[in-house]
Amino acid sequence: MVLPFSRTLSHRIRRLIQGSDMQIIKVGSVPVRVVFAEMEDFGEWAYTASPEIRINKDLCPQVKACTLLHEILHAVCDVYGVRLAERDVLTLEQGLAQVCVDNPEVVLEWLKGMLGIDGKI
């Protein structure tokens, strides 16, 4: 299935990481609210009747991005029935984040391929 590319995708990603407003993401078929709020922890995931990821709005952008990835991994595990220990989620978060930081052009090409945009992949 080829997904249409939105010119606003990079803007939406930037807004999501910067925490400028509440967003909805989908994990599988589950809509999940992503809220940036004042909180003591870095972030949290709640798989309830109204699934929600909460991210500490006061974190620096890099930590916000890693925390969002971390909470998305928890969401994926719950929605798809995968049991991982917290240390496993942390390891995946750090490993995936490092791959993205070290290989941004490859990650961008992968994302273009996933969205059905002509690219090198």
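Helices and strands here are runs assigned by DSSP, with helices at least four residues long and strands at least two, numbered from the N terminus. The model is predicted. With that in hand, the chain can be read from its start. From the N terminus, the order of elements is α-β-β-β-β-α-α-α. That gives four helices and four strands in the protein chain.

Next comes the chain as a whole. It has 121 residues, and buried residues make up 28% of them. Contacts across the sequence can be sorted too. Take those between residues at least 6 apart in sequence: 30% of them join residues at least 24 apart.

Now turn to two of the helices. Two packed helices are described by the angle between their axes and the distance between the axes. Helix H2 covers residues 61-80, and helix H3 covers residues 86-102. Their axes lie 9 Å apart, at an angle of about 130°. H2 and H3 are therefore oblique to each other. The crossing of H2 past H3 is right-handed.

Which residues meet between H2 and H3? From H2 come Cys66, Leu69, His70, Leu73 and His74. From H3 come Glu86, Val89, Leu90, Leu92, Glu93, Leu96 and Ala97. By type, the residues of this contact divide into eight nonpolar, two polar and two charged.

The last stop is a pair of rings. The structure holds one aromatic pair. Tryptophan 45 and tyrosine 47 form this pair, with 5.4 Å from centre to centre. Their planes are 25° apart, and the pair is stacked; planes under 30 degrees apart count as stacked.

Are these two residues buried or partly exposed? Tryptophan 45 has 15% relative accessibility, so this residue counts as buried. Tyrosine 47 has 42% relative accessibility, so this residue counts as partly exposed.

Methods: Residues are numbered from 1 along each chain as its sequence is written. This is a predicted model: local features need pLDDT of at least 70, side-chain atom pairs count only at pLDDT 80 or more; totals for chains, interfaces and linings use all residues. Side-chain values use heavy atoms; hydrogens and water are left out. Axes are lines fitted to C-alpha atoms, for helices over the stretch in contact, and angles run from 0 to 180 degrees between N-to-C directions. Angles under 35 degrees count as roughly parallel, over 145 as roughly antiparallel, 65 to 115 as roughly perpendicular and the rest as oblique. A crossing is left-handed if the near helix is turned anticlockwise from the far one by less than a right angle, and right-handed if clockwise. Contact means heavy atoms within 4.5 Å. Ala, Val, Leu, Ile, Met, Phe, Trp, Tyr, Cys and Pro count as nonpolar, Asp, Glu, Lys and Arg as charged, and the others, Gly among them, as polar. Rings of Phe, Tyr and Trp (its six-membered ring) pair if their centres lie within 6.5 Å; planes under 30 degrees apart count as stacked, over 60 as edge-to-face and the rest as tilted. Buried means under 20% relative accessible area, exposed over 50%, partly exposed in between (1.4 Å probe, protein chains only).
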